[in-house]
Amino acid sequence: MALTVAAGLLAAGCTSTKSDSDGDKGGSGVKLVSSGTLKTCTHLPYPPFQSKKDGKIVGFDVDLVDLIAKELEVKQEIVNTPFEGIETGQDFNIRKCDLAAAGMTITKERDKVMDFSDPYFNATQALITKKGEPYKTFDDLKGKKLGYQKATTGGIYAKKESKGLDIELVEYEDVGLLLTAVKAGKVDAGINDNGVLFEYVKENPDTEVTAEFDTGEEYGIGFRTGNDALRAKADKVLKDARADGSYDKIYKKWFGTTPQS
């Protein structure tokens, strides 16, 4: 991996930024879907990673990708799209975006249809309920309803852990609908990444995170398979951000603390 990244950084160091329509002059340039714009596929809402506030899309992922756009001397443009199109690689195939930053866990299945940056965030699955409910394990949810977001690792984990437990699984298109269902009592609990759930609980004190499951997940930025120049550029920017303290500053801005080493 170290050799691969090193080679990528050498390639990125001598590239220029141009659109796909310009062709690959010399075989080493960073090519963008639209000249002068870094298009980022994501799926809203997913706070604090990306969400709309006062008419503007903001978040942890947004700020990190802004660093990449700045390095490329272009502006970031966010494309809101169903998560399924991102995680299947379809959005890259139709050139909808240059990269995907959507709080997306690196998995073997996803790695088959896209390339990933180096990991930039550690995550795990968690359980959210209305405050005071006694659901902390899958066993506690026997005979109950558990909500999950479509096409996510939380859904995969829920299906695996609920086998044989008489738990009714309910699928939602996005995390906003899932959390609304928990708050309204349409499901007894919901499962999703811990960062998103803790952010929701801060604004909705009538809910609480009752459990975290050590799934050892890491987020990565997704790229079209073979788009090595852009991926290497992103890896360099993320590495530099960790070294100069800007990553910690962005992390604290959105999570209120610095990341654990």
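In what order do the five strands of the open sheet with E6 stand? The order is E6-E3-E7-E14-E8, and the pairing is mixed. Pairing here needs at least two bridges found by DSSP between two strands. Helices (H or I, at least four residues) and strands (E, at least two) are DSSP runs, numbered from the N terminus.

Before going on, a word on the source. This is a predicted model, in which local features need pLDDT of at least 70 and side-chain atom pairs count only at pLDDT 80 or more, while totals for chains, interfaces and linings use all residues. Residues are numbered from 1 along each chain as its sequence is written, and side-chain values use heavy atoms, with hydrogens and water left out.

Inside the order, E7 (residues 99-100) and E14 (residues 222-223) run antiparallel and are joined by two bridges. Ala 100 has Gly 222 as its bridge partner in E14.

Now another open sheet. Five strands form it in the order E11-E10-E12-E9-E13, again with mixed pairing. E11 and E13 (207-219) stand at the edges, each with a single partner strand, so one side of each is left without a neighbour in the sheet. From one strand to the next, the twist averages 25°; angles run from 0 to 180 degrees between N-to-C directions, and axes are lines fitted to C-alpha atoms, for helices over the stretch in contact.

Start with E10 (residues 145-149) and E11 (residues 168-172), which run parallel and are joined by five bridges. The chain goes from E10 through helix H6 (residues 153-161) to E11, a right-handed β-α-β crossover. Right-handed means that, with the strands pointing away from the viewer, the path from the first strand over the helix to the second runs clockwise. E9 (residues 121-130) pairs with E13 in the antiparallel sense over nine bridges.

Last, two helices. H7 (residues 175-184) and H8 (residues 194-203) pack at about 50°, with axes 12 Å apart. They are therefore oblique to each other, the class left after under 35 degrees (roughly parallel), over 145 (roughly antiparallel) and 65 to 115 (roughly perpendicular). Val 175, Leu 179, Thr 180 and Lys 183 of H7 make the contact with Val 196, Leu 197 and Tyr 200 of H8, where contact means heavy atoms within 4.5 Å.
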